[in-house]
Amino acid sequence: MNVMPSVSNQSNPAAETTEETRVSESAAMISIEGLKRSFPTPDGKSETEIFGDVWFKVAEGEFVTLIGHSGCGKTTLLNILAGLDTATDGVIIADGHEIIGPSLDRAVVFQTHALLPWMTAMENIAFAVKSRWPDWSKEKIREHCQKYLDLVHLTGSEDKKPSQLSGGMKQRVGIARAFSIEPKILLMDEPFSALDALTRGSLQDELLSICRSTGQTVFMITHDIDEALLLADRVVLMTNGPQARVCEILENTLPKTRTRSDMHTHDNYYPMRNHLIEFLVNRSKQFKEEISSSSYNPKAPPVVRPSAQ
Amino acid sequence: MSNKVKLQALMVSLVLFAVFVAGWHVWVEAQKGPAVDMDPEYAALMGITAKGGSAMPGPLEVGEAIWGHIINPFYDNGPNDKGIGIQLAYSIARVLTGFFLACIVAIPLGFFIGISPIFQRAVDPFIQVLKPVSPLAWMPLALYTIKDSDMSSIFVIFICSIWPMLINTVFGVAGVRKEWLNVAKTLEVSRSRMAWNVILPAAAPTILTGMRISIGIAWLVIVAAEMLVGGTGIGYFVWNEWNNLSITGVITAIFFIGVIGMCLDFILAQATRLVEYAE
Amino acid sequence: MGALSDPFDPNSILWQGCPCGLHSSMWEHQRAAVAEAEAEALDSRYYCVNSKKANSPAYDDRLPGGAPIAEAAQGEDIPSWENREEVVSRLVDNVVMKSLFPTDMSRRAFLRTVGASTAIAAVSQFIPLDEVKAKVIDATGPLEKSKLNVGFVPITCATPIIMAHPLGFYKKYGLDVDVIKTAGWAVSRDKSLSGEYDAAHMLTPMPLAITAGSGSVAKPWTMPAIENINGQAITLHNKHKDKQDPKLWKGFTFAVPFEYSMHNFLLRYYVAEAGLDPDKDIQIRVLPPPEMVANLRAENVDGYLSPDPFNQRAVYDGVGFIYKLTKEIWPGHPCCAFAASQQFIDENPNTFLALFKSIIDATAYSSNQANRKEISKAIAPKNYLNQPETVIEQVLTGRFADGLGKVRNEPDRIDFDPFPWHSMGVWILTQMKRWGYLEGDVNYKALAEQVYLATDAADVMKAVGQTPPDATYASYEIMGKTFDPMKPEEYVESFAIKRT
């Protein structure tokens, strides 16, 4: 296991509770324990640590986003979660099992939608469904796919190739594909970053409503503060790389019923937003000093709940 | 392209053709020198060029010769004189046999090399050395080892077709977008489904492009190979006409070689369009 | 007269020797008779023409498909070759009778005394003729294969091999032969080595070179018959009309059809006699015959020593002129060959024999001047030589335009004669040795005798009613220099310009 950092395990005065105490409340769907990823330097003589000593958990039915600047290893972390990359050190336990490779239990929505361009929207989803349930008949697969295409409002575009779909529609197919295999965990890698603001908004709304209705466990990477606040129950803040760390974990204090249109009217919206901006603009760079000056415990990063009170 | 543009292009093509034919006719007429004064007994033994004529045929003569072949393509006057249809069929059969054998070898082999970076590096020097070898340089080796000129021609086609296909397959397979592979991996797709449903369709346009290059080369090479070993085929036809120093026959053969080459390319181009995808 | 004459006929002539017993062979006997009858000197071709004249009306009237065996003057009964059993039966009778009687005279005396039927009964008492015949028929057996591929390079030298097809000589001996046009001798050799061709048109030096392993893998090869004698020429570009002395050729580029060719050796011999070193003073390139005219037109070469019709074709197209016919260098020189591998002969003895006979037969037919026009017409089309008929006719009839404005008449411009003289093989080997194609000690006679099947050729010639010479070595005079086949090494040494 990981080498424990020489920081004492006492509670952070800035936080009201710790990660450890909070997650014990419900079963963890994902438990990231001491995760580290390093790459060899170009000369091959030494290694560069992208991130290390990452500890946090995602509860069942929870929507967690990870926010941080480019280069902090967000995508790498998600790839390790997906089983597409392996950690240099540490483990991830997903649904009680250590992740050793990709699994149909963890569906991924890729940043670039990653649709197979020679297949129609329907075929792209059917490809996934057939992987999940190889014994299903053609009709059953088609019916199942249609359900998810309808869910993302793509009824009528079943037989279009990705090149005939707009960027938003493509990502809808990507989302439908991920949901169609009914995974235990949905992993999303900045799924809306390539879309224009209007499209992004409507997709966020759709995603939110699907997740609320299905109780899907989601882990999503983003660098968009509003997106994080709208979608996430908790936001994991990652400092800049190399040697990125989990700085703290923000609990969303907005009501569960928040929508994109009313979110900013809530009292807690600006404190949280400001906290995140402050983090991204300043603290993410200065975190090294923060660690040394405080009693930071990587196993239990501080939890913050910024509010108007 | 709009119909109007197509029509205009066709008109320009026809004008170009007419200019070419007219230029050809004028040039051939200009070649004809003054009649040489000769003893009639001696002249009876001489050919037309010796008497001031030109061996270069005009467009009418060539057109007539081509038409003669078109209306009677399958005559058979013995092993050394067959209709152009039969000769072309021999050549096409050889090209297709060699080409399909090359497909059978190059595509699976390229596939395995393409998915393995180690193999890619290991095999690369061999490909680089063998690729630039003129296919005809293999002919003596083939004749000696295979001991059959027909099989040797097929082997030469095989060996010249294999490189573009192999290289393109390796390139296509190695160049499959990582995210497509990742999608398949996260779906726990089996190896065979990965190969057939992801890698192959992804690499197909590149592979087909390689095949198109290959068939073009194969068609170029078969003419040369058949000129070398003789017997049958359009290359033999050219050689036989050349043997008789018949420029008309050679131009006729060039015309047919061009048309068939165009058809082969067209077929592969259509096949490429079938597997092409836009991203 | 020969192996198929009825041995029980007291009037037939059975012996290899002569009927009067004064000469060792029919040939000598007839030569003596001719010498007496005609004061005329022997033809420059040494043999054959004279013997034929004395022999029988044979070839002059005979057409293929007709009675194949020359009818003897006395109209004796000779079985048709189509009836194999009858032929074998007759051969066995002949062998038995020959072994029983020391001379033909004693046989005939015996038969006249006792009568044929008594003789047969008497002989059968101690030799079971019928049994022997049956055994021999079984032993010779039918044709191992009747469908054959014979390669040829489209030049007039190949006339007998080619015309045997349209004029039905192969069919006559029960063979279904495809004569296949070949791009050049290297291909002809490779296709022969690979077994695609059962037999092929080659150049006389090639079987020697293949057997010796010079220029290819060594494989025992045989040359049962020569195709043609003479028939080549040195052609020069029209621009060299003023350079009719070989001493002026320094720096010229010449083409020959193949390294192991009489063309190469004759050209080398010719320029060397004029004091030019063929490796230093001129350049010799190998070009396939069909490409020679085009190269001459393009002035890539100054001239060539090549097979016809490409000399005549250069004249016909107004590109060059015929400087010298090769018969003016060495009258009666061999050129092209009918060749087969030893393996083919060993595996298909009967087929080979039939093929051999058709070639010998066709060669004799080609040799007859009266048939040349008909042959020209038969071999000019696309399936064979693919040349204008007048070009072929000028080559074969010897009445041709020389490119200098004259019509020449040289009936023996090309001739056809199958007998593979061992001395010719030795001469070729001396030239291969002279120019460095063979190194070390060469056993000239052994190699020539192994490859040139003179004895077999003589047998087959006799069987089809021709008369071969009784010697296999002869001395030649080439450009005033005498060649003694018994002293090949001295001959090589005697040249001033050589590579050894």
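I started with Asp150(B), which makes a salt bridge to Arg94(B), with the closest N and O atoms 2.4 Å apart. Asp150(B) sits in helix α7 (residues 149-174) of chain B and Arg94(B) in helix α4 (residues 84-115) of chain B, so the pair ties together parts 56 residues apart in sequence. For me a salt bridge is a side-chain nitrogen of Lys or Arg within 4 Å of a carboxyl oxygen of Asp or Glu. Helices (H or I, at least four residues) and strands (E, at least two) are DSSP runs, numbered from the N terminus.

Ground rules: this is a predicted model, where local features need pLDDT of at least 70, side-chain atom pairs count only at pLDDT 80 or more, and totals for chains, interfaces and linings use all residues. Residues are numbered from 1 along each chain as its sequence is written, chains are lettered from A and ligands numbered from 1 in the order in which they are written, and side-chain values use heavy atoms, with hydrogens and water left out.

Arg94(B) is buried at 7% relative accessibility, while Asp150(B) is partly exposed at 34%. Buried means under 20% relative accessible area, exposed over 50%, and partly exposed in between (1.4 Å probe, protein chains only).

I then looked up the total: the structure holds 40 salt bridges over all chains. One of the networks I noted links Arg268(C), Asp277(C), Asp279(C), Lys280(C) and Arg499(C).

On to Asp317(C). I found it in the loop between α14 (310-316) and β10 (320-325) of chain C. Its side chain meets that of Arg313(C) in a salt bridge (3.3 Å, N to O), and both residues are buried. Leaving aside neighbours within four places in sequence, Asp317(C) is in contact (heavy atoms within 4.5 Å) with Thr49(B), Ala50(B), Leu245(B), Val293(C) and Arg297(C).

I checked Asp190(C) too: Asp190(C) forms a salt bridge with Arg189(C), closest N and O atoms 3.3 Å apart. Asp190(C) is partly exposed at 22% relative accessible area, whereas Arg189(C) is buried at 13%.

Last, the sheet in chain C. Five strands form an open, mixed sheet in the order β2-β1-β3-β11-β4. The edges are β2 (176-181) and β4 (221-226), each pairing on one side only. Two strands pair if DSSP finds at least two bridges between them. I see six bridges joining β1 (residues 147-152) of chain C to β2(C), and the two run parallel. Lys147(C) has Asp176(C) as its bridge partner in β2(C).
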